[in-house]
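Subject: Structure for you to look at

Hello,

I am passing on the structure we spoke about, and below it you will find a summary of what turned up. Please keep it open beside you while you read.

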Amino acid sequence: GWTGDVGLLAMLLLNEMARQDADSPKGVDLPRRKEGVQALMSAWIASLPSFEEMTEMHPLLWNEDEQEIMQLSSTKKIYRLLDDIEDDSSWLDENVWSADREKFPETVKIRVGDADEERQCFTVDGFRYAVAVVRSRSFFVDGALRLLPYVDYANHDDYDSNELVGGGIGMLWGSSKGVLLKSGKALRVGDEVRISYGPKGPADYILDHGFVPPMCQLSTQGGAITAELSFEVDESDRFRDDKLDILEFETYDLAPMEPAQVFDVVGGPGSTGEPDPAMIQFLRLVKLAGKDAFLLESIFRKEIWGFMSEPVSEDNEKASVTAVQEACEAALSDMNELESEDSSASPSLNEQLCSMVRGSEREALERTLAYIKQEAEALDLKEYYQERRLKTLGLDSEWTPEDEFGSTTRVPGAADYDW
């Protein structure tokens, strides 16, 4: 697993908690701060919700039953996130934390008001708590994910709000790094300043922030409605090494592709259900086999990724379309099964949130499924690699005896064959 920048920020958060231990400061005493700044950080740490409070606020800390409902309600799998968190925290515990428990304590005492609260720190649960806090309170500013103390308390508003803007702050004698929090409407004294957490779908909002805003609940208002489909090169594929080599070196110079890829499918107003062309391109390579495998030869290595942007053969196109169809049907089947088993007369708030996510993703999946089924019925109408190649060489026109003596020239594209 790899929690990426979120995991790194979570480690910094745990370290700040350890530095605020009421018994004696622990952790790594960096960065050095002036006394007033350190006091602000201490107050911010004490103001963060506890582990127990976060169990009601964030799906990463929900109980197992509710997490299972979330798992079946969305194609953006919460179990995948939990597995990454467990893998990273287990590695950190084995290689870092357990080596020096004086510096990396399992629990710390945080002074909250007049009392000390014991909180999980450098443990699996502590890391999961820190990841939940970071996911719910961090912002992407100036090209990086950042956790901004005090600014993180700004609530989301769908309307009349702006995203945070990075850059320099200050006018005299230079400027320092900072963010600009700007209201989208005129405010009076005492009004709450709200911001936008950005254009996300319901599943992203709940997995990041633990709630679904009204805009995402109203698909008719044009909110983003997406689901995820995952595909990968099969480990048993006899051409796996060739395909991995192509994905790593012959796709995109600045961003080599991994053998496992995740793609968004989109629903909502105006959506036709047409899949991302990059997804179909990837699947054509993944499903390349049989008589089409000659394209994996080294002579085509520099061109093959471009070839995959267009239909290769009817068999290959059918396999690619079928893969999308089966992925959509499997996701919809999980949702249908969950709804058939759900007999709760009064669902909890978290179950209601899952239901919202399920409804929006269902729309995206159903639109994609309808489109892909139409594609499957029109496979014989597509132009495939061999036909395109013959046209390029001028060999698709009808043969006549005169052609043998070179008295005429074939005209590319002149034939009327039903390929």
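Among the contacts in the chain with a separation of 6 or more, 66% are between residues 24 or more positions apart. Please bear in mind that this is a predicted model. The chain has 419 residues, of which 43% are buried, and its elements are 15 helices and eight strands.

W97 sits in the loop between α5 and β1, while F122 sits in the loop between β2 and α6, 25 residues apart. Both of these residues are buried, and together with F104 and F127 they form one aromatic cluster.

Another pair is that of Y252 and W305, which counts as edge-to-face because the planes of the rings stand at 85°, with the centres 6.0 Å apart. Here Y252 belongs to the loop between α9 and β8, and W305 to helix α11, 53 residues apart. Y252 is partly exposed, at a relative accessible area of 39%, whereas W305 has 7% and therefore counts as buried.

Finally, there is the largest pocket, which holds about 740 Å³ of space. Its lining consists of 28 residues, and V6, R135, K200, D204 and D208 lie nearest the centre. The elements giving two or more residues to that lining are α5, α6, β3 and α7. By class, the lining has 13 nonpolar, eleven charged and four polar residues.

Best wishes

Notes:
Residues numbered from 1 in each chain as written. Predicted model: local features only at pLDDT ≥ 70, side-chain atom pairs only at ≥ 80, totals over all residues. Heavy atoms only, no water. 1 Å grid on protein atoms, 1.4 Å probe; cavity = no way out; pocket = protein on both sides within 12 Å on 5 of 7 lines; lining within 4 Å. Points joined across faces, edges and corners; volume = space filled by probe spheres on them. Helix = DSSP H or I, 4+ residues; strand = E, 2+ residues; numbered from the N terminus. Nonpolar A, V, L, I, M, F, W, Y, C, P; charged D, E, K, R; others polar. Buried < 20%, exposed > 50% of the residue type's maximum accessible area, 1.4 Å probe, protein only. Contact = heavy atoms within 4.5 Å. Phe/Tyr/Trp six-rings, centres within 6.5 Å; stacked < 30°, edge-to-face > 60°.
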